[in-house]
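Please read it alongside the sequence and the coordinates.

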Amino acid sequence: MHPYLLLALRIITGLGGMVLVISTLSAAIRSFVLPRNEVVRLNVWVFMGIRVLFDLAAKLANSYERRDKIMAHYAPVALVALPVCWEALVSVGYTAMYWAVGEGSWLHCYQLSGSSLLTLGTIDDFSVVGGILTYSEATLGLLLLTLLLSYLPTIYQAFSRREATVALLELRAGTPPTAACLLRWLNHDGSVQNDDQQWAAWEQWFVEIEESHTSLPILSFFRSPQPGRSWVTAGGLILDTAALLFAAVDGPQPRQAQITFKAGCLALNRVYRFFDTKAGAEPTSLLPDEGESAPGRVGFDQACQELAEHGLKVCEDRADAWRRYCELRSRYTTALNFLARLTMAPGVKSAG
């Protein structure tokens, strides 16, 4: 090969390797350090590739319990695979740079890159420039692993806070949980006007969901310890309870409940838009009807009758109450059904 052509090829290869390393490092920093809901396309490709494999395995299961066991491993496996992919790309990038500075054959450069990245020190035959690259690669290798290990406690703390509210909600809303049952619990002392503390706790939960599940989107796919629980169904239940309260119960609407309803709608819709618009994720086609429940008038009337039997003053104009309930639920039902399918959540039950 002509010397000038070889020189040009080495320069292009070296620059390409440098761009690959910088892009991978940028992806790692934006994933765990940048406090914003920025989409990292590299991570999306990794997660979606692994999701395809888990969807194929889940299709072989013949019950929700077995599918839940399979999908429970998806988020942890994807999270562990992420630094592996990062380090593989860094290794490829440095292999290109080693070859560009004349460290030997491609095989020798690959071995040098792997030895440096994993801090093995099995190869020490390199030039001054190669030594500089070696030390920088070893530093990046440790940095990438440290980033993940440092943020694992943050991820699991957010998961634990989320699941504590989900578990408490199940205790209050019955089995299976319903909006009417939760509203009856809120009326345990004969009034739904003095539950501001409970509604404020749910508002805080929604605020944390919006922040954590867009800045650390893998959290959305961590499943609850119990197969029948899900943060998606829990959020839908709280919003359905508020919608039923506003539409069917006669009397002033608690201000804190209104704020919680608004916070919940914003949280679900922003997480939904993150995955649908920014991340470009599609809900799994596995069992497309599962997890979606459109409100029905008969069920709504039954919920109103149940509330009346337990001492709540229900609006007499059921047709108008039904219209208001459908209007309120339309503010979040699209996001709720999308997230239920995306996370393969158990059935989302409305009041109707």
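Helices (H or I, at least four residues) and strands (E, at least two) are taken as DSSP runs and numbered from the N terminus. The model is a predicted one, in which local features need pLDDT of at least 70 and side-chain atom pairs count only at pLDDT 80 or more, while totals for chains, interfaces and linings use all residues. Residues are numbered from 1 along each chain as its sequence is written, and side-chain values use heavy atoms, with hydrogens and water left out.

1. Fold content. The protein chain contains 13 helices and zero strands. The radius of gyration, taken over C-alpha atoms, is 26 Å, well over the 20 Å that the globule rule (2.2 Å times the number of residues to the power 0.38) gives for 352 residues, so the chain is more spread out than a compact globule. Along the principal axes, the C-alpha atoms fill a box of roughly 90 × 40 × 30 Å.

2. Burial and surface. Of the 352 residues, 49% are buried; buried denotes under 20% relative accessible area, exposed over 50%, and partly exposed in between (1.4 Å probe, protein chains only). The accessible surface of the chain comes to about 17,000 Å², with 62% belonging to carbon and sulfur atoms; these areas come from the Shrake-Rupley method with a 1.4 Å probe, and for residues only the protein chains shown count as cover.

3. Contacts along the chain. Contact means heavy atoms within 4.5 Å. Among contacts between residues at least 6 apart in sequence, 77% join residues at least 24 apart.

4. Nonpolar core. A nonpolar core is a set of buried Ala, Val, Leu, Ile, Met, Phe, Trp, Tyr and Cys residues joined through side-chain atoms within 4.5 Å. The largest one has 99 residues, and those with the most contacts inside it are Leu 183, Trp 231, Leu 244, Phe 261 and Leu 339. Helix H9 (residues 231-248) supplies the largest share of this core, 13 residues.

5. Helix H7. Six of the eight residues of helix H7 (residues 179-186) are buried, so that the helix is mostly covered. These are Ala 179, Ala 180, Cys 181, Leu 182, Leu 183 and Leu 186. They pack against H6, helix H8 (196-215), H9 and helix H11 (297-309).

6. Thr 165 belongs to helix H6 (residues 128-173) and is buried, with a relative accessible area of 17%. Leaving aside neighbours within four places in sequence, Thr 165 is in contact with Trp 202 and Trp 205. Thr 260, in helix H10 (residues 255-278), counts as buried at 1% relative accessibility. Not counting residues up to four places away in sequence, Thr 260 touches Trp 199, Ala 200, Trp 202, Glu 203, Phe 206, Ile 238 and Leu 239.

7. Backbone at Met 344. Most residues other than glycine have a negative phi. Met 344 is not a glycine, yet has a positive phi of about 55°. Met 344 is placed in the segment after helix H13 (333-342) and is buried, with a relative accessible area of 5%.

8. Is His 2 buried or partly exposed? His 2, in the segment before helix H1 (3-32), counts as partly exposed at 49% relative accessibility.
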